[in-house]
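Let's take a walk through this structure together. We will start with one residue and then move on to where the chains meet.

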There are 2 protein chains.
Amino acid sequence: MTDVDYCVVGGGFAGLTAARRLKQAGRTVTVLEARDRLGGRTFTETRPDGSWIDRGGAWIGPGQDRIRALMQDYGVASYKQYTDGEAMMLVDGKQYRYTGTIPWSMSPWVAMNLGAALLDLGHLCKSIPLDAPWTAEQADRWDRLTLAHWLNTHVVSKAAHELLETAIAGAYTSAASEVSLLFALYQMASGGGPGFVLGIEDGAQDSRPVGGMGAVYCPMAAELGDAVMLAQPVRRIRQDADGVTVFSGKMTVRARRVIVTVPLAIASQIRYEPILPVDRSLLQQRMPSGAIIKISLVYDEPFWRADGLSGQSAAPGSPATITIDACTDTGRPGVLCVIVEGPIARQIGRLDPAERRHTILDALAERFGDKARTPADYIEQNWSAERYSGGGMLSHAPTGVLTQFGPALRAPCGRIHWAGTESSAVMCGWVDGAVRSGERAAEEVLEHEIVTASAARAPRPE
Amino acid sequence: MTDVDYCVVGGGFAGLTAARRLKQAGRTVTVLEARDRLGGRTFTETRPDGSWIDRGGAWIGPGQDRIRALMQDYGVASYKQYTDGEAMMLVDGKQYRYTGTIPWSMSPWVAMNLGAALLDLGHLCKSIPLDAPWTAEQADRWDRLTLAHWLNTHVVSKAAHELLETAIAGAYTSAASEVSLLFALYQMASGGGPGFVLGIEDGAQDSRPVGGMGAVYCPMAAELGDAVMLAQPVRRIRQDADGVTVFSGKMTVRARRVIVTVPLAIASQIRYEPILPVDRSLLQQRMPSGAIIKISLVYDEPFWRADGLSGQSAAPGSPATITIDACTDTGRPGVLCVIVEGPIARQIGRLDPAERRHTILDALAERFGDKARTPADYIEQNWSAERYSGGGMLSHAPTGVLTQFGPALRAPCGRIHWAGTESSAVMCGWVDGAVRSGERAAEEVLEHEIVTASAARAPRPE
């Protein structure tokens, strides 16, 4: 039995941030991580040549101040996402090259449709109160409509529709028919609007930490030292009048309070004693994760750059749906990242590995030439097959869920507090949101000490 | 380690039916039930005076032949739901009495709206292929719309809208905004259309087994004898080339195959080794249960009958949303059943028990007079607070789920087979559907024996 002030479930950015805050405040803490690695839905792999691959969350953008602050604490620099040269769109068997965010070269009609839809969405986003999207004036209406319905009724051009569906529903790693319009608006608004979500320069994919996300979470874990326990999947949390007992397979941690930071579908697999309040346990049944496969292809050099290409491409319906340059700050070796999301991720996930690799390389060769066929390394991360992620990248809310269960996203249940990017009002769905949620949860438990202490009319001994 | 031919997880109607089939076929079987009682989402309590209360699923209707067949096997008679006298609707603070299904007395306008909506829904239901609703011609369109959206755009009268929302979304024990139109149509179609779902005479609430549902599941369990193990929550299922190992807290069962019959959200709490295919594990994150509280009030006699009332009432928005006569076949004592579903169930579930009781009795007194205030017994069943139900009555599909993940509802995952009313193409959501699913799953595993035996070119020793 380990006895600490606070226990944290999950060693991703939310959990490590919360634990670090509590340690900085002089409290003892134990972090229980189910996997044999840290980082949660980020996962940096260092290669023998010293370069690194982000197998999960990778980017940062303007306004993401809390992950920036962590980087500053640990002296981690950032570097700009490579955007020189032309990007590519592949629609209806045709290839279009363009620069900037909107592919004007495709057709003015498509570009106009895209632009108008982004303006519309941006306008709707403005009326969402981030800390309580369920109180938006139109919340009830938007929460009984799906993102798919909105796209269907507001985007006339088929190509523009496909591109937006790929870009927006893709972010939820699910079909657009699965996602509540209210949730999509809220999530986009929490990042500053649809331009931020889709944008690269000045958007959510603006920059990356030098060394990858691991350059941030590794020193955080090091700072926490032996407070962080790996391979400890939490199976049961019992709370009583004096504290909580958290059981993993092998460890038992006794603490005053616990912060659970895992995705909602994973949180629902823990046995809570007593049972959670109905709203929270039903919420945990209602915010599923999606399917995403991220493939990193390593080449001797980023040959596409020499060909005047940025490496960025979007091809709705293709197994290599999205590509983006994923080189380190040195630009060597060449790393191209393929992101496949939602229905197509499930589809190609069913292929055998050799067949999938072949399919992906074929698609890349069509875009970037034959050099793409012979990567030195091919690293595949299928997040939906990860037991302790339950999918990726973020849990989305189907229709009706935010208006019915929204407040349960953050409301503590007795001595159990909730963190994780899904619980963040700002930058919900990004690494930065995870950091913010960890900070907020740590503050919550510390505030409870003051409440408890003043209730006992005696200060807590330091 | 218990060694049997087959293991069944869950001792509700699906599990007991499957186990019984397998035993009848000469196979050995173990049923692991998490609770200390059987019946799953049905639960019959026998009172000291010999009368019984169904705290969960209670009714049967025409076309529900498989539960009927079980009743015949065990010599269980049925009796008609009491429908004599007037039913009541309470809308906008006014009380309307009527007989039949449509409350013509309310206003011709409302009645016309109700009738037209039911005709429309019935028409849509006809084009749903029950065994694969995701292949309906309009499947994609209906699956990106919510039931709430359909009601909003098709039912003009506010009162008719409220009544339909209460009746239909109520059946899914969730808000109408949470439910896919395709799922609602499919579920209604699987019972024969909206008339069946809403109807009492000749509908889903036509009759009840004498002795309650327990009169059927108890003899089934008795027939299975010590094959049925209570208080064995299954935590882990491991499959290998030769069979499965099923772990509960205290027991380990080794079998050739396992049939999992629990609701999807509960099935997602089991640890599967190896991890389930992505489509199944994501489906299990996507079909949540709802909130339902069923309250049985026992009086010396059914005083409402003498007053010319059937006991049936519907009051959208009221904490006692629906009432129905729930006497046994003898009509003594008087049992009135209150059913509260979805958002209102969660709302009154948060009251303390005394306050909730007071609220319910107040509402009943307004409808049935002061005699309703003094029941001899007050029995409350909050299904959403039941750990091993995860809610009630059936798991619904949010938008996009059937078209994306529908086939995973029934597709076996290696040696794991799936049952439970949600997996039944016919009578999905009723006890009869649970029975059918148990029969289908038992057939599946027996068919696998033939396949395996013919593959080995040698008949399996009997």
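Which side chain of opposite charge is nearest to the buried Arg257(A), and how many Å away is it? In this predicted model, the answer is Glu444(A), at 7.4 Å.

What does Arg257(A) have around it, then? You will find the residue in strand E14 of chain A, which covers residues 257-260. Its side chain makes a polar contact with the side chain of His417(A), at 2.9 Å. Beyond its neighbours within four places in sequence, Arg257(A) is also in contact with several other residues, among them Asp5(A), Tyr6(A), Cys7(A), Val244(A) and His448(A).

Now turn to the place where chain A and chain B meet. Each side brings 44 residues to the contact, and together the two chains bury about 3600 Å², with 45% of that on carbon and sulfur atoms. On the chain A side, Arg144(A), Gln285(A) and Arg387(A) supply 19% of the area buried against chain B, more than any other three residues.

Charged pairs do turn up here: six salt bridges cross the interface. One to look for joins the side chains of Asp279(A) and Arg350(B), at 2.8 Å from N to O. Polar contacts link 26 residue pairs across the interface. Several elements of chain A each supply at least two residues to this side, including helix H5 (147-154), strand E15 (271-273) and helix H11 (278-284). By type, the chain A residues that touch chain B divide into 16 nonpolar, 16 polar and twelve charged.

Note on methods: Residues are numbered from 1 along each chain as its sequence is written. Chains are lettered from A and ligands numbered from 1 in the order in which they are written. This is a predicted model: local features need pLDDT of at least 70, side-chain atom pairs count only at pLDDT 80 or more; totals for chains, interfaces and linings use all residues. Side-chain values use heavy atoms; hydrogens and water are left out. Contact means heavy atoms within 4.5 Å. Buried area is the accessible area (1.4 Å probe) that two parts lose on being put together, summed over both. A salt bridge is a side-chain nitrogen of Lys or Arg within 4 Å of a carboxyl oxygen of Asp or Glu. A polar contact is a pair of N or O atoms within 3.5 Å; within protein, one must be able to donate a hydrogen and the other to accept it, and residues adjacent in sequence count only if both atoms are side-chain atoms. Helices (H or I, at least four residues) and strands (E, at least two) are DSSP runs, numbered from the N terminus. Ala, Val, Leu, Ile, Met, Phe, Trp, Tyr, Cys and Pro count as nonpolar, Asp, Glu, Lys and Arg as charged, and the others, Gly among them, as polar. Buried means under 20% relative accessible area, exposed over 50%, partly exposed in between (1.4 Å probe, protein chains only). Lys and Arg count as positive and Asp and Glu as negative; His and the chain ends are not counted.
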